[in-house]
Amino acid sequence: MSFYNFINSSNNTAVIEINGEIVETRPKHWWTGQPLDGLYFVSEEFNAQVEQLKNKSKITLKINSPGGDLFVGVAVYNKLKQLDAHIEVIIEGIAASAAGLIACVGDTVKMGTGAVIMAHQASGVMWDFYVTQTDCEMKARQLEACNKAVAEIISKKTGKTVDELLPLLKEEVWLTGQEAIDFGFADELLENEAESQAPTYDSTNNTIHSAGKVFAVKNIIENAANNLSAYQNKNVGQPTEKNKEEKPMSQKIAITLEALKNDHPDIVKSIADEAAENAVRAERERQKAIDEIAPVIADKNALADAKYGESGISAETLLFNAVKANVGKGAEYFAAMVADNGASNVSGVESEPTGGAEEDDATKAYDEVKAAVEIFNKSQEV
């Protein structure tokens, strides 16, 4: 899976999470060629989905990354910079090196409590065993150009000149909270978790954003209107003490979405606030439950997908899937053992007595394996 996520994109907004090392292509095992597990922001996977960001009015970019490939970071910065959307960056943990450059794309950059941003000089590797003076001078020129590229991007965000920044990059820049704001990297502080997760209202598309979810106010109000209308219709015509002798009422009270919004704004606000609070509470409880069972989940991809993906599965479902997968692996292992036993003709080989405790242990172990194989073979005949 991707350790960046497009979360609950609406027609006009999108939330993106960037976690892990920034690379151009997903690393693979040198022997098997299979993709490696781990946290990676892969540019080729991001580029395949970047079209989803066009025509968005607002993009929220959440970053927790130690950095990685400089040129990938520069390319992602420029791709996001070309979009018309207002970009809000939230640094949740660390935005270092290339990740710090991506953070500079934000029209507004917010620092979480304890979050860190870091910038430094570019570095490179010379693979040849023997290098000449010319090789070293060429590498030095390459790194000099890279350092200027880093400084130019940071300059556009902080307002500092390239000449001011180059000496600072040489020493490395590590900043937290207010320091990042004073330097020009960041614009605001997220004082606490509750504030960062507080529901927000987007007037451009009439939605509420809460706990990584997007709720359409129109749907909330329509549900309330339907419930209210059903209640009124149910009670219309019921005789009261006053009109028991009168003709039952038959008039139905018509209610529309616009009428509810205009005539009862307090009801609309109350419904929206309650829905947002319930959504935040439910999502926090789900995340907490997943965190509690995380140590026993071997498949970290499945764990990350449960927490950050679109499935939104519960901790119980995640644990059930993990147990089911382990049971399947155990059956495959036992079947493979039986197949190996048959191919080796071990059942036709008799042990030669050696005497003593060693003979008893070997015989016991052989008998146990043979019995297990016979049980399996009988189960296959059924």
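I take contact to mean heavy atoms within 4.5 Å.

**Entry 1: confidence.** I noted that the model is predicted. I looked up the pLDDT of the protein chain and found an average of 76, with 65% of the residues scoring at least 70. I then turned to residues 242–253, where the pLDDT is below 50. Beyond near neighbours in sequence, this stretch has ten contacts in the model.

**Entry 2: helix 10 and helix 11.** I looked up which residues of helix 10 meet helix 11. I found Arg286, Gln287, Ile290 and Asp291 on helix 10, facing Leu303, Ala306 and Lys307 on helix 11. By class, I recorded three nonpolar, one polar and three charged residues in this contact. I next examined the axes of helix 10 (residues 265–293) and helix 11 (residues 300–308), which come within 10 Å and cross at roughly 165°. Helix 10 is therefore roughly antiparallel to helix 11, since angles over 145 degrees count as such. I recorded the crossing of the two helices as left-handed.

**Entry 3: helix 2 and helix 4.** I looked up the axes of helix 2 (residues 70–81) and helix 4 (residues 133–158) and found that they come within 11 Å, crossing at roughly 35°. I recorded this crossing, too, as left-handed. From helix 2, I listed Leu70, Phe71, Val74 and Tyr77 in the contact; from helix 4, I listed Cys146, Val150, Ile153 and Lys156. By class, I noted seven nonpolar residues, no polar residues and one charged residue here.

Note on methods:
Residues are numbered from 1 along each chain as its sequence is written. This is a predicted model: local features need pLDDT of at least 70, side-chain atom pairs count only at pLDDT 80 or more; totals for chains, interfaces and linings use all residues. Side-chain values use heavy atoms; hydrogens and water are left out. Axes are lines fitted to C-alpha atoms, for helices over the stretch in contact, and angles run from 0 to 180 degrees between N-to-C directions. Helices (H or I, at least four residues) and strands (E, at least two) are DSSP runs, numbered from the N terminus. Angles under 35 degrees count as roughly parallel, over 145 as roughly antiparallel, 65 to 115 as roughly perpendicular and the rest as oblique. A crossing is left-handed if the near helix is turned anticlockwise from the far one by less than a right angle, and right-handed if clockwise. Ala, Val, Leu, Ile, Met, Phe, Trp, Tyr, Cys and Pro count as nonpolar, Asp, Glu, Lys and Arg as charged, and the others, Gly among them, as polar. pLDDT is the predictor's confidence in each residue, from 0 to 100.
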